[in-house]
Amino acid sequence: MGVDRKALVLGGGGVTGVAWEIGMLHGLAGHGVDLTGAGLFVGTSAGSSVAAQVLSGVPLKDLFDAQLADATGELSARIGPGVLLGFLVAGLWPGDPVRGRAWLGRRALRTRTAVSEADRRAVIARRVGDGGWPAVRLRITAVEAQTGEVRVFDADSGVSLVDAVAASCAVPLVWPPTTIDGVRYVDGGVRSVANVDLAAGADRVVVLAPTTRSARPSGRPDVQLKALGVPGAVVSPDAAAVRAIGANVLDPARRRPAAEAGYAQAAAEAGRLRDLWGQ
């Protein structure tokens, strides 16, 4: 089996999700399990940022060290009850789920956020860099705010990597929707927290999912992975990591403890993932 048939799916989870995933990847690599050798990456929200950073060529240790940096002065936001309720209503919308996503997307279009779209894009650009799309296959999800339709960006989409990541990370009602070619997009997590189904065609799949919650069972990473019918594993934060992440996944002050918790948890996950992934 060639390495190109392995898929790494990186789910959403805010600032702390980025940190936990990078900590996990760095920790696993230290235990001989290099998930970054996958031939396909699927990134949703925070996971899109992690995928872009990992595939930029920057060593995992450097990415991990960056997560440990002092967060003083960084903008903190919060996914409050109103945002959670919006996701819940959209997820439980009767009938066509696209209509529920469109309802939430249109609310996002009407919401004034703490930062402008340009400033938010600049934050993403600093994280991702300007190296462009990687040679490895990378699929990044976002949702059209007006219609609720999912959009999967890749190297052939004609969209810059920075714009794709910005769209995937545009948490509705928190960050501004991202405009690409006149179309405005919100977070890919509005469709699914990890969009594991986009790994179809792989023969082995590992999912790093900082959160596994879904209003509909069909959106859960484990349910989507089972539907693929291939060997795989879903890894989510253990009890220690949940405590380290805390209640606000958009708080930069929780970034360091989340990264350290992911790194520590990797020791417990390495055995089963080594058997699944192979080298």
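How much space lies in the second largest pocket? In this predicted model, the answer comes out at about 670 Å³. A total of 24 residues line this second largest pocket, and V15, E74, V123, R127 and R255 sit closest to its centre. As for the elements behind that lining, two or more residues each come from α1, α2 (46–54), α3 (60–67) and α6 (117–128). The top contributor is α6, which gives 5 residues.

Now for the largest pocket, which holds about 1,200 Å³ of space. Its lining runs to 46 residues, with F87, G189, V193, T211 and R213 the closest to the centre. Here the elements that supply two or more lining residues are α1 (14–30), α4 (81–91), α5 (97–110) and α9 (239–245). It is α4 that gives the most to this lining, at 7 residues.

V196 counts as buried because its relative accessibility is 0%, and buried means under 20%. Setting aside neighbours within four places in sequence, V196 has contacts with V9, V207, P221, Q224, L225 and L228. A264, by contrast, lies 68 residues from V196 along the chain, and the C-alpha atoms of the two are 25 Å apart.

Note on methods
Residues are numbered from 1 along each chain as its sequence is written. This is a predicted model: local features need pLDDT of at least 70, side-chain atom pairs count only at pLDDT 80 or more; totals for chains, interfaces and linings use all residues. Side-chain values use heavy atoms; hydrogens and water are left out. Buried means under 20% relative accessible area, exposed over 50%, partly exposed in between (1.4 Å probe, protein chains only). Contact means heavy atoms within 4.5 Å. On a 1 Å grid over the protein atoms alone, a cavity is a set of points where a 1.4 Å probe fits but cannot get out, and a pocket is an open set with protein on both sides within 12 Å along at least five of seven lines; lining residues have an atom within 4 Å of a point. Grid points are joined across faces, edges and corners, and a volume is the space filled by probe spheres set on the points. Helices (H or I, at least four residues) and strands (E, at least two) are DSSP runs, numbered from the N terminus.
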